[in-house]
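Open the model in your viewer and keep the selection tool at hand. The stops below go from the ligand to a sheet and then to a pair of helices.

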Amino acid sequence: MRISVIGCGYLGAVHAACMAELGHDVVGIDVDAAKVADLAAGRSPFFEPGLDDLLGSRHGRLRFTTDIAAAADARVHFIAVGTPQQAGSDAADLRYVDAAVHSLLPHIGPGHLVVGKSTVPVGTAARLAAIVEQTGAELAWNPEFLREGFAVSDTLTPDRFVYGVRPGDSIATELLDEVYATPLASGIPRIVTDFATAELVKVSANAFLATKISFINAIAEIAEVTGADVTTLADAIGHDTRIGRRFLNAGVGFGGGCLPKDIRAFRARARELGLESLTFLEEVDQINLRRRQRVVDLVDANLGGLTDRRVAVLGLAFKPESDDVRDSPALDVAGRLVAAGALVRATDPEAIETARRVHPELDYRPELDDAIAEADALVVVTEWRQYRELDPVTIAQRTPARLIVDGRNCLDPQRWRDAGFTYVGLGRP
Ligand SMILES: NC(=O)c1ccc[n+]([C@@H]2O[C@H](COP(=O)([O-])OP(=O)(O)OC[C@H]3O[C@@H](n4cnc5c(N)ncnc54)[C@H](O)[C@@H]3O)[C@@H](O)[C@H]2O)c1
Ligand SMILES: O=c1ccn([C@@H]2O[C@H](COP(=O)(O)OP(=O)(O)O[C@H]3O[C@H](CO)[C@@H](O)[C@H](O)[C@H]3O)[C@@H](O)[C@H]2O)c(=O)[nH]1
């Protein structure tokens, strides 16, 4: 199948490379010339495990360009552009999706299928279908559930495929089945439904995950005033298969380019639809944001003030195995510490360059030893393996700090205490 992918960011670049891996002939198209140059040279413009290998090995079937006219040769066109939060509002900014679809119109016609993968508010697909159908082409919505850090395997072997299609005589299901024939053959479930359900599946999946994290972080708040241990509690309730242990890790909370903006867009869309009383996701958002200040308050309380105190912040990415700092709790904590008067040195195995683009004023130290060398406190805010596996005895020789605040509850309190540190977790005694 000849495929175009419009938008080659965290989602689209991986999708394009994986479609080539499945044997399709793929052109990735993006308005960002620097990104296209990297991708065309076989280099990932961002850190995503496994992507460089795919880009390097699929040259014959995979190319990248800024020229939208290259889409004319393809039959299936995936829309993978961003849908960020609008400035000054909770709603999703749909201008990139609208621009991408409009740019495709001169190059598509009968027999072509435009497939939305971006996360959009319910109602978007029906609106865009009316525009696409004027060319004789069709539209489907096929939301994406990949996680950064696991994007390649999540794309090649997702938990499920969801197709939102027009009811009746449509080529969409047939064409998508052809695109995904290899993974479908291994028995991955596929749900074919209408546009609105497909759009809502995506946002409700993210809303559920966000709610699960804020639920456990709300319990962490209660644990903190009662002396209970939220990690033991999560293990205990997680044994109930109706609840499950995954996404019950209390800490500094969720960030990234998806969960925060998607729950806000959900709420904004509900409001537009007259569902004013559907407010629970506001609480989910508030619980989540409170945890960031909580980390700062814990450093403050344990150091007896922050002014001119030296704090090493370990982690900048919103999660490990990613260089993404969009709405990153880690980067936010670093900024809050600086605002409170602390002298912060921040480090991360992959995200220093992306962090520098949004916060050039921070003091970045690529080497961990350099970040911790003169510190009064260490704060772990992204649970990279490199930090989870730190040896407290060795660290004690490399830093004068004797306070460690574990914003991800990813360290063994006893080992750090045995090495002479005051260990402070979130929701842990
Ligand atoms: N990042 C993820 O893990 C993930 C997972 C599932 C769904 N999504 C959704 O996928 C969408 C894309 O997210 P992302 O993280 O890849 O964003 P991103 O910002 O990394 O990438 C978007 C890309 O689209 C390009 N672009 C913008 N307008 C364009 C146009 N008119 N024509 C061609 N290219 C254009 C940008 O230059 C950019 O490279 C969002 O709706 C997001 O919610 C993301
Ligand atoms: O128990 C947990 C699990 C996660 N997180 C945090 O939650 C955020 C999101 O993590 P994760 O969901 O793994 O990352 P994303 O790559 O943003 O993926 C989410 O957002 C994507 C974009 O919509 C979806 O495709 C994925 O299915 C959905 O998991 C990160 O900051 C994590 O640190 C926690 O705080 N506690």
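Ala, Val, Leu, Ile, Met, Phe, Trp, Tyr, Cys and Pro count here as nonpolar, Asp, Glu, Lys and Arg as charged, and the others, Gly among them, as polar. The model is predicted: local features need pLDDT of at least 70, side-chain atom pairs count only at pLDDT 80 or more, and totals for chains, interfaces and linings use all residues. Residues are numbered from 1 along each chain as its sequence is written, while chains are lettered from A and ligands numbered from 1 in the order in which they are written.

**Ligand 1.** Select ligand 1 and the 27 residues that surround it (C-beta atom, placed from the backbone, within 6 Å). The closest are Gly7, Gly9, Leu11, Ser118 and Thr119. By class, this shell has 13 nonpolar, 9 polar and 5 charged residues. Helix 4, residues 95-104, gives the most to the shell, with 4 residues (helices are DSSP runs of H or I, at least four residues, and strands runs of E, at least two, numbered from the N terminus).

**The sheet.** Next, show the open sheet of 6 parallel strands, ordered 11-10-9-12-13-14 (strands pair if DSSP finds at least two bridges between them). Strand 9 (residues 310-314) and strand 10 (residues 343-347) are joined by 5 bridges. Pick Val313 and its bridge partner in strand 10, Ala346.

**Helices 11 and 12.** Select residues 259-272 and 280-303: helix 11 and helix 12 pack at about 155 degrees, axes 9 Å apart (axes are lines fitted to C-alpha atoms over the stretch in contact; angles run from 0 to 180 degrees between N-to-C directions). The two helices are therefore roughly antiparallel (over 145 degrees).

Technical notes
Parallel < 35°, antiparallel > 145°, perpendicular 65-115°, else oblique.
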